[in-house]
Amino acid sequence: MFAKGFGADPTQPTMVASLSKPITGACVATLIRDGKVTFSTRLRDGLSRFFRRYGTPADRRLEDVTVEQLLVHRSGLMGNGDDDPIYGVMNTRAYTGKGYLGAIQAVLSEYLVKLHLIRPPGTRYAYSNTGYEVLSAMIEERTGQSYEDYCREAVFAKLGIAAPHLHPDWRMLSGAGGWYVPGPDYLAFLDIFSPSHSF
């Protein structure tokens, strides 16, 4: 493989931003494979402990959003074009130097139960970072591990990839955009999307 960096060493980790979402999707796939969730699992079940701790959603339709709808950005949550509230939380934390405080449920607790869906679940596509934060929280709730530890053990370790981790300053982005990965490792990860791959 030819690798060249422009102002950077291509073998060193870099923020992959929204390319973190396929990593989250792969982790969710392992939960489905292992029977911990299904595509039709609803948030009332997948995040039941979260809702018990932080309260019933203001919009009860949120409880009926499914894993599949989150994965394909059809959850009814606000997307990038709708002023996704995650950006307000990100900005506040960035200005106060707290982006590294990455407890996913704590991040979601700041706004998830308060928001209202802007369309019925399962209808129109809207690219949503919040949706992938929710999936990250579900991974933690269903496995009893941190999102980062589970993904490293269930996906990266199985591929023989040791370097990836969440960016130390942007852990709050977690499964929506927080991974810090060397380019060659990310390409090796992408091999799992080949139809010939299984693990």
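Is F189 buried or exposed? F189 is buried, at 0% relative accessibility (buried means under 20% relative accessible area, exposed over 50%, partly exposed in between, with a 1.4 Å probe and protein chains only). This is a predicted model: local features need pLDDT of at least 70, side-chain atom pairs count only at pLDDT 80 or more, and totals for chains, interfaces and linings use all residues. Residues are numbered from 1 along each chain as its sequence is written, and side-chain values use heavy atoms, leaving out hydrogens and water.

**Aromatic rings**
- The whole structure holds seven aromatic pairs (rings of Phe, Tyr and Trp, the last by its six-membered ring, with centres within 6.5 Å; planes under 30 degrees apart are stacked, over 60 edge-to-face, the rest tilted).
- One of them is F156 with W179, edge-to-face at 5.3 Å centre to centre and 65 degrees between the planes.
- This pair links distant parts of the chain: F156 sits in helix 8 and W179 in strand 3, 23 residues apart (helices, H or I, at least four residues, and strands, E, at least two, are DSSP runs numbered from the N terminus).
- F156 is buried at 1%, and W179 is buried at 0%.
- F189 and F193 are edge-to-face too, because their planes stand at 90 degrees, with centres 5.6 Å apart.
- F193 is partly exposed, at 48%.
- Y147, F156, W179, Y186, F189 and F193 make one aromatic cluster.

- Three strands form an open antiparallel sheet in the order 1-3-2 (two strands pair if DSSP finds at least two bridges between them).
- Strand 1 (13-15) and strand 2 (165-166) are the edges, each pairing on one side only.
- Strand 1 and strand 3 (residues 179-182) share three bridges.
- M15 stands opposite Y180 in strand 3.
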